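Open the model in your viewer and switch to a cartoon view. The tour goes from selection to selection.

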Amino acid sequence: TSQSELMELRRNADFVRGLGVSDFMADVPKLSSNPARLDDYFVLFPGAGLAHRRWPISNFIEIARRMHDHFELRGVICGGPSERGIGESLRDALPEILENRAGQTSLTDYVALLAGARLVVTNDTSAAHIACATGTPSIVIVGGGEPGRFYPYQIEVPERRQVPLAVRQPMACDGCNWNCIYSIRADEPFPCVAAVTVEQVWNQIISRFEPREAATVSEAR
């Protein structure tokens, strides 16, 4: 495998082995946290560091509605201070289902919320990796800017935790390093992000959603 094809966990493991730690292996990170004391719930993370990498809010609304209708779960919206407004817009659409905690938690409380969730649905952000580190299954909407760099997880030991399940719509321009060839407005998602449909994400949730005690989630191919 060439270095350009390695996921970050494998790349880091190769680097450490190059320093002389010959038995070091790429593994899923682990983070201990006391889960939030809430009734069964799922987490939505609708923000992202770059607005173009945010899946449309309308899609998150539909996913939240289906999670409630099919699994009778309520949702908690997470994010940083800059994403509080996005959280409010999402919560206002489904006030009876969703609670907005974006920008209102400490880092410790945020990790606890992810640790206690039945499922995390997120854009391509740290939320998926933190959820993995706490053992929580996650569905992550991924664009094509850096295919293979962060998803699917490439690890060298047996999986003992839920790995993020990436949902992506391949495009001919994949691998652009986020230098998009299309002309888009400042508030629009990249076409590769917008191309991921609600049905694609929902089908993965339906096929993979299980109690926390169930087997490890595998990466979608």
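Select helix α3, residues 84–93. In this predicted model, α3 lies across β1, β2 (74–77) and β3. Its direction runs at about 160 degrees to β3.

Now select α7. This helix also packs on the sheet, where it touches β4, β5 and β6. The direction of α7 makes about 155 degrees with that of β6.

Next, show the strands on their own. In what order do the six strands of the open sheet come? The order is β3-β2-β1-β4-β5-β6, and the pairing is parallel. β3 (98–100) and β6 are at the edges with a single partner strand each, so one side of each has no neighbour in the sheet. From one strand to the next, the twist averages 20 degrees.

Zoom in on β1 and β4. Three bridges join them in the parallel sense. Pick Val43: opposite stands Val120 in β4.

Return to α7, residues 198–208, and show side chains. Which residues of this helix are buried? They are Val198, Val201, Trp202 and Ile205. Look down the axis of α7: these buried residues fall within an arc of 95 degrees, so they line one face of the helix. Residues three or four places apart in an α-helix point the same way, because a turn takes 3.6 residues. The buried residues of α7 pack against α2, β4 (120–123), β5 (138–141) and β6 (165–167).

Last stop: Arg53. Find it in the loop between β1 (41–45) and α2 (57–71). Buried or exposed? Arg53 counts as buried, because its relative accessibility is 18%, under the 20% cut-off. Beyond residues up to four places away in sequence, Arg53 touches Ala48, Asn123, Asp124, Glu146, Trp178, Phe190 and Val193.

How values were computed. Residues are numbered from 1 along each chain as its sequence is written. This is a predicted model: local features need pLDDT of at least 70, side-chain atom pairs count only at pLDDT 80 or more; totals for chains, interfaces and linings use all residues. Side-chain values use heavy atoms; hydrogens and water are left out. Helices (H or I, at least four residues) and strands (E, at least two) are DSSP runs, numbered from the N terminus. Buried means under 20% relative accessible area, exposed over 50%, partly exposed in between (1.4 Å probe, protein chains only). Contact means heavy atoms within 4.5 Å. The arc is that of the directions from the helix axis to the C-beta atoms. Two strands pair if DSSP finds at least two bridges between them. Axes are lines fitted to C-alpha atoms, for helices over the stretch in contact, and angles run from 0 to 180 degrees between N-to-C directions.
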